[in-house]
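Work through the exercises below with the sequence and the 3D structure open beside you. Try each task before reading its solution.

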Amino acid sequence: MNLSEKKGMRMYSKGRLLILSVSALFVAYAVVGGMLGTVEDARVKTLKELKLFSDVVSKIQSDYVDTPDLNKTLAGALQGLTDALDSYCSYVPASSVPGVKNRKERFKADIGAAMAKRYGYGYVVAVLSGGPAEAAGLRSGDIIESIDGKHTAELSLAEMESLLVGPQDSQVQLIIIRTRNTEPTKISVNRKVPDFPAVQAKVLESDIGYLKIPAFTHGIASEASAKLRMLLSGKPSGLILDLRGSGFGDYDEAMKVADLFLPAGKTMATLKVRKEKVKDYISTGAAVDFSTPAVVLTSAGTSGPAELFAAALKENNRARLVGEKTSGTGSLQQSLELEDGSLLILTTHLFYTPAGSSIENKNLRKAGIQPDEKVPDESFVTNFYYQNPNLTGDEQYNRLLAEVEKLQLQRAVELVRKSLKKAA
């Protein structure tokens, strides 16, 4: 056998190994699909996709202009496969798994940002109030082009998240892409062990209770209950519940807080697997208050558990929502280890609102919870930029954010007053 034939045999064997690796991924995907109730359809579809993939690999081997790096090609194909599913699925190659696991086990400090993979890049869903990401100027909606020089287009979500954790007080370098900025922005962020802010409670205009829930972390329901009772002891005319920027925590904890505002027997949310009901969250009747007029404030950074809470109150006609459409995050993921040591992270459960809508959607325009009243409207934002031509960068953004938050709060107060007049 000559050298050319030997090389061809090596390439053929490598190609077969790659196809077998992809087969394992598709089989895992089919097994999950089978467990979720669509066995035959999943098998048929998997076989067709596997045949197509095999044909593509064969054509690359035989007809590509140069000798292809099939391992790299495979990793890219599998990453593309999971990226196409939704913003929270990941494929981690076997070579990267030890590093990802090691960093997440060794380090507890991070930048305080909830991440997704959108538009092919890292995407900032929400930033922790008072956290290092917020202090560095990172904001909801930022697209992260690179993390410490590594392009996020070439990374899975799991790999990105592992790069953001590290030793306490260490720094990570980010390159950010933003709307209205002609050039990418370089940001250096310190890593800190997360310190979640407490629930804030105060009285506005002498008779309106204000409760800000920055995150739905463990134990927040008890804290929210105590502070809500404190506000109610003053017999407020109305309540404003501020969820702007709240993008962290636990879904069960969010449902416990929603239970504080609803009478018994109300559906607060539903957890489903492939549209098959797994669990209903029903209010227990342990409400602290279910009659005081209430308004919920939301922003684009309102995410995950906070979205579930907002939908529970909105769709049970307990509160009106004012602000911006929420981020569209409402799912649970499961990690599956494949035979070659690689890791597949799949979305397995979706949360649905009381009206039956999924909070998450592949079409991002349909994802999230729409407010009853959008504040600000487009004309407000346009006028701001027109009236402040000399402001640039962070100064421009911070001024706009302050004015938007002030406007939203004013509108919430107006709606509470309006509800009182109707009741009278």
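The model is predicted.

**Exercise 1. The protein as a whole**

Task: State how many helices and strands the protein has, and what share of its residues is buried.

Solution. Step 1: the secondary structure consists of eleven helices and 17 strands. Step 2: the protein has 424 residues, and 47% of them are buried. Step 3: turn to the contacts with a sequence separation of 6 or more; 70% of these join residues 24 or more positions apart.

**Exercise 2. Helices H7 and H8**

Task: Decide whether H7 and H8 are roughly parallel, oblique or roughly perpendicular.

Solution. Step 1: two packed helices are described by the angle between their axes and the distance between those axes. Step 2: find H7 at residues 220–232 and H8 at residues 251–258; their axes are 8 Å apart, at an angle of about 20°. Step 3: an angle under 35 degrees counts as roughly parallel, and H7 and H8 are therefore roughly parallel to each other. Step 4: the crossing of H7 with H8 is right-handed. Step 5: look at the residues that meet, which are Ile220, Ala221 and Ala224 from H7 and Glu253, Lys256 and Val257 from H8. Sorted by class, the residues of this contact are four nonpolar, no polar and two charged.

**Exercise 3. Helices H4 and H6**

Task: Classify the arrangement of H4 and H6 by angle, and sort their contact residues by class.

Solution. Step 1: H4 covers residues 97–106 and H6 covers residues 157–164; the two axes cross at roughly 40° and come within 9 Å. Step 2: this angle makes H4 oblique to H6. Step 3: H4 passes H6 in a crossing that is left-handed. Step 4: on the H4 side the contact has Val100, Arg103 and Lys104, and on the H6 side Ala158, Glu159, Glu161, Ser162 and Leu163. Step 5: by class, three of these residues are nonpolar, one is polar and four are charged.

**Exercise 4. The largest nonpolar core**

Task: Find which residues have the most contacts inside the largest nonpolar core, and which element gives the most to this core.

Solution. Step 1: in soluble globular proteins, nonpolar side chains tend to be buried together. Step 2: the largest nonpolar core here has 40 residues, and Phe216, Val257, Phe261, Phe309 and Leu313 have the most contacts inside it. Step 3: the elements giving two or more residues to this core are H7, H8, helix H9 (305–315) and the strands E10 (238–242), E11 (267–273) and E13 (294–298). H9 gives the most to this core, with seven residues. Step 4: take Phe261 and leave out residues up to four places away in sequence; Phe261 then touches Leu228, Leu239, Leu241, Ala287, Asp289, Phe290, Phe309, Leu313 and Arg318. Apart from this core lies another, of 29 residues, including Ala116, Leu155, Leu157 and Ile176.

**Exercise 5. Backbone angles**

Task: Locate the cis peptide bond between Val375 and Pro376, and say where Glu205 and Arg274 lie.

Solution. Step 1: most residues other than glycine have a negative phi, and most peptide bonds are trans. Step 2: the bond joining Val375 and Pro376 is cis, with omega about 5°. Pro376 is in the loop between strand E17 (373–374) and helix H10 (378–387). Step 3: Glu205 is not a glycine, yet has a positive phi of about 50°. Glu205 is in the loop between strand E8 (200–204) and strand E9 (208–212), and is exposed at a relative accessible area of 51%. Step 4: Arg274 also has a positive phi, near 50°. Arg274 lies in the loop between E11 and strand E12 (276–282), and counts as partly exposed at 40% relative accessibility.

Notes. Residues are numbered from 1 along each chain as its sequence is written. This is a predicted model: local features need pLDDT of at least 70, side-chain atom pairs count only at pLDDT 80 or more; totals for chains, interfaces and linings use all residues. Side-chain values use heavy atoms; hydrogens and water are left out. Axes are lines fitted to C-alpha atoms, for helices over the stretch in contact, and angles run from 0 to 180 degrees between N-to-C directions. Helices (H or I, at least four residues) and strands (E, at least two) are DSSP runs, numbered from the N terminus. Angles under 35 degrees count as roughly parallel, over 145 as roughly antiparallel, 65 to 115 as roughly perpendicular and the rest as oblique. A crossing is left-handed if the near helix is turned anticlockwise from the far one by less than a right angle, and right-handed if clockwise. Contact means heavy atoms within 4.5 Å. Ala, Val, Leu, Ile, Met, Phe, Trp, Tyr, Cys and Pro count as nonpolar, Asp, Glu, Lys and Arg as charged, and the others, Gly among them, as polar. A nonpolar core is a set of buried Ala, Val, Leu, Ile, Met, Phe, Trp, Tyr and Cys residues joined through side-chain atoms within 4.5 Å. Buried means under 20% relative accessible area, exposed over 50%, partly exposed in between (1.4 Å probe, protein chains only).
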